[in-house]
Amino acid sequence: MGRNYYIAGNWKMHKTRAEATELAKALVSQLKDGKHQYLVAPSFTSLEAVGAVVKGTNIRLGAQNCAAEEQGAHTGEVSVLQLKDLGVQTIILGHSERRHVYKEDDQLISKKVKLALKHGFEVILCIGELLEEREAGRAEEVCESQTIKGLEGISAQELSGIVIAYEPVWAIGTGKTATPEDADAIHAFVRKVIAKLYGKDAAEKIIIQYGGSVKPENAAQLMAKENIDGALVGGASLKTETFVPIALFS
Ligand code: PGA
C-alpha cells in the first residue's frame with residue numbers, strides 16, 4: 001500500500017494554553033521517532049502556543065474550523081488568513097459537531113473547503129452518518145452525498161490537499177467504535193466514490209482516516225484494514241498515555 005498512515009488528534013474545546021503546551025511538548029518528545037504522519041488540532045486560543053512547540057517537528061498544526069469568508073464583519077469567526085498567520089497547516093472541516101450541533105450544511109462546508117484549499121491548507125473533510133441513518137440502511141448514501149458535496153468544485157490537482165475522515169456520528173465520544181469490517185466497508189465505498197469523481201489513481205492515493213472512539217485497544221485492528229489509513233482521535237488524544245500508543249501503533 002502506497003499510503004502513509006496519518007494520525008490526528010482533535011483536542012476540541014479542551015485545554016488552556018499551559019495545558020495544551022504541556023501536551024504538545026510531551027508529544028514532540030514521545031513521537032519524534034514515530035513512523036507515521038501526525039497532527040494536533042488545539043483550540044484557536046492555543047494555536048500560537050502549540051505552533052511554537054511543534055514547529056519543525058513531525059507533528060503538523062491543525063485548526064478545528066475556519067470561517068467561510070476571507071475577512072469582514074463576521075463576529076466570532078476566525079479566518080484562513082488569521083490561521084495562516086499562526087502557522088496552521090491543516091483545517092478540519094465538516095466535523096459532525098459542526099454539522100449537527102452548529103448546523104453547518106454541505107453548502108457552507110463546501111465553501112470553506114474551497115477557501116482553505118485556495119489558501120494552501122490541507123483539509124481534513126469529515127463525513128459520517130447518524131445512528132438513525134445507519135439503522136435505515138442509508139450510511140453509504142449519506143457518506144456519498146457528503147463526499148460529493150464537500151468536494152464540489154475541487155479539481156483533481158487540488159484533491160491532493162484533501163484527507164477524508166469517516167466518522168460515524170454514533171461512534172463519536174460514545175465509546176462505541178465501528179467494527180474494523182464496518183468501517184473498512186465504508187472506506188472502500190468512499191474510495192469508489194472518489195474513483196468515480198477523480199479516477200482510480202486519485203482514489204488509491206487519498207488518505208481516509210477513521211474517527212469515533214479510537215483507543216489504544218482498537219487502533220491497530222482498525223488500521224490493519226486495507227482502506228483505513230489513519231485515525232482522527234478525539235477523547236483519547238487529550239492524554240499522552242492514550243494518544244501515544246495509537247500514534248505509534250505498528
Ligand atoms: P472521539 O472523537 O475519539 O472522542 O470519539 C472523534 C472525533 O470527533 O474526531
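I began with helix H1 (residues 17-30) and helix H2 (residues 47-54), which pack at an angle of about 20° with axes 9 Å apart. That makes H1 roughly parallel to H2, a label for angles under 35 degrees, against over 145 for roughly antiparallel, 65 to 115 for roughly perpendicular and oblique for the rest. Axes here are lines fitted to C-alpha atoms, for helices over the stretch in contact, and angles run from 0 to 180 degrees between N-to-C directions. I noted that H1 passes H2 in a right-handed crossing; right-handed means that the near helix is turned clockwise from the far one by less than a right angle, left-handed anticlockwise.

Source notes. This is a predicted model, in which local features need pLDDT of at least 70 and side-chain atom pairs count only at pLDDT 80 or more, while totals for chains, interfaces and linings use all residues. Residues are numbered from 1 along each chain as its sequence is written, and side-chain values use heavy atoms, with hydrogens and water left out.

From H1, Ala20, Thr21, Ala24, Lys25 and Val28 meet Ala49, Val50, Val53 and Val54 of H2. Contact means heavy atoms within 4.5 Å. Helices (H or I, at least four residues) and strands (E, at least two) are DSSP runs, numbered from the N terminus.

**Barrel**

I traced the strands. Eight of them form a closed barrel, S1-S2-S3-S4-S5-S6-S7-S8, with parallel pairing. The twist averages 25° from one strand to the next. Two strands pair if DSSP finds at least two bridges between them.

I checked S1 (residues 6-10) against S2 (residues 37-41): they pair in the parallel sense over five bridges. Tyr6 stands opposite Gln37 in S2. S2 also pairs with S3 in the parallel sense, over three bridges. There Leu39 stands opposite Arg60 in S3.

How many of the five residues of S3 (residues 59-63) are buried? Four are, so S3 is largely enclosed by the rest of the structure. Buried means under 20% relative accessible area, exposed over 50% and partly exposed in between (1.4 Å probe, protein chains only).

I then looked at helices against the strands. H11 (residues 240-247) lies across S1, S2 and S8 (230-233), at about 160° to S1. H7 (residues 139-150) lies across S5 (122-127) and S6 (162-166), at about 150° to S5.

**Asn10**

Asn10 lies in S1. At 5% relative accessibility, Asn10 counts as buried. Its side chain reaches the backbone nitrogen of Lys12 at 3.0 Å. Beyond four places in sequence, contacts of Asn10 include Ala41, Gln64, His95 and Leu232. I also took the C-alpha separation of Asn10 and Ala236: 9.2 Å, with the two 226 residues apart along the chain.

**Helix H4**

Which side-chain partner does Arg99 have in a polar contact? It is Asp106, side chain to side chain, at 2.9 Å. A polar contact is a pair of N or O atoms within 3.5 Å; within protein, one must be able to donate a hydrogen and the other to accept it, and residues adjacent in sequence count only if both atoms are side-chain atoms. Arg99 sits in H4 (residues 96-101) and, at 8% relative accessibility, counts as buried. Leaving aside neighbours within four places, I found Arg99 in contact with residues including Glu104, Leu125, Ile127 and Gln146.

Ser96 is also found in H4. At 9% relative accessibility, Ser96 counts as buried. Not counting residues up to four places away, Ser96 touches Val101, Val169 and Ile172.
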